Amino acid sequence: MDFNPWLMILIIFSINVVYVAFLTIRMILTLKGYRYSAAMVSMVETVIYIVGLGLVLDNLDQIQNLIAYAIGFGTGVIVGSKIEEKLALGYITVNVITSDVDQLLPAKLREKGYGVTDWIANGMEGGRQSMQILTPRKMELQLYATIQELDPKAFIIAYEPKTIHGGFWVKQVRKGKLFK
């Protein structure tokens with residue numbers, strides 16, 4: 001079957017963008033523990049991959065198809081990561097250290113629905129207040145904005161927890177009461 005060369009480039013590019021976006025999403029789902037969703041995505045991903053690769057292999061004499069495949073792959077990585085950012089699956093743990101020990105930051109964050117554990121710590125220049133906050137990734141940027149609003153000099157470190165069990169916060173998530 002003969003296609004217009006520009007149409008073939010567009011098809012190969014588009015197929016690879018979609019394929020790699022699915023591949024990225026499948027990897028994220030797998031890492032986050034969504035096995036069954038990842039399996040479903042991988043079935044679609046495989047079909048897209050075979051079709052795209054087949055088009056390139058059937059036309060190896062056309063270098064522009066190989067280039068479209070490679071550019072589509074790179075673009076697919078970007079598209080997949082943007083989709084993952086929008087999905088924002090899972091949770092984030094944020095450690096916050098402030099130099100003002102008397103500040104009411106933990107109480108204000110709790111009022112907004114965040115689960116906060118706080119304690120007094122010692123830094124190089126004296127007393128500090130340290131907090132550990134767990135929140136859904138969808139609320140991550142909002143949490144950072146709130147912290148910056150309440151204490152612009154706060155030191156913030158964030159990471160993704162692998163396992164969450166017990167505590168006030170988990171109970172609130174299960175009851176659907178968090179951030180309402």
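User: What percentage of the residues of the protein count as buried?

Analyst: This is a predicted model, in which local features need pLDDT of at least 70 and side-chain atom pairs count only at pLDDT 80 or more, while totals for chains, interfaces and linings use all residues. Residues are numbered from 1 along each chain as its sequence is written, and side-chain values use heavy atoms, with hydrogens and water left out. Buried means under 20% relative accessible area, exposed over 50%, and partly exposed in between (1.4 Å probe, protein chains only). Of the 180 residues of the protein, the share that counts as buried is 34%.

User: In what order do the elements of the protein run from the N terminus on?

Analyst: Helices (H or I, at least four residues) and strands (E, at least two) are DSSP runs, numbered from the N terminus. The protein has 6 helices and 4 strands. From the N terminus on, the order is α-α-α-β-α-β-β-α-β-α.

User: Leaving aside neighbours within four places in sequence, which residues is Ile147 in contact with?

Analyst: Contact means heavy atoms within 4.5 Å. Ile147 is among the residues with the most contacts inside the largest core. With neighbours within four places in sequence left aside, its partners are Val94, Val96, Leu109, Ile133, Pro152, Ala154 and Ile156.

User: How many residues does the second, separate core have?

Analyst: Met8, Val20, Ile48 and Leu55 are included in this second core. Its residue count is 11.

User: Is Tyr49 buried or partly exposed?

Analyst: Tyr49 is found in helix H2 (residues 35-58). Leaving aside neighbours within four places in sequence, Tyr49 is in contact with Tyr19 and Tyr69. Because its relative accessible area is 32%, Tyr49 is classed as partly exposed.

User: How far apart are the closest N and O atoms in the salt bridge of Glu160 with Lys32?

Analyst: A salt bridge is a side-chain nitrogen of Lys or Arg within 4 Å of a carboxyl oxygen of Asp or Glu, and a search of the whole structure finds 4. Glu160 sits in the loop between strand S4 (155-159) and helix H6 (167-175), and Lys32 in the loop between helix H1 (5-31) and H2, 128 residues apart. Glu160 is partly exposed at 46% relative accessibility, and Lys32 is partly exposed at 26%. The closest N and O atoms of this pair are separated by 2.1 Å.

User: Are Arg137 and Glu84 buried or exposed?

Analyst: Arg137 forms a salt bridge with Glu84, with the closest N and O atoms 2.6 Å apart. Arg137 lies in the loop between S3 and H5 and Glu84 in helix H3 (residues 63-87), so the pair ties together parts 53 residues apart in sequence. Both residues are buried.

User: With which residue does Asp118 meet in a salt bridge?

Analyst: Asp118 is partly exposed at 31% relative accessibility. The N to O distance in its salt bridge is 2.7 Å, and the partner is Arg110.

Methods: Core = buried A, V, L, I, M, F, W, Y, C linked by side-chain atoms within 4.5 Å.
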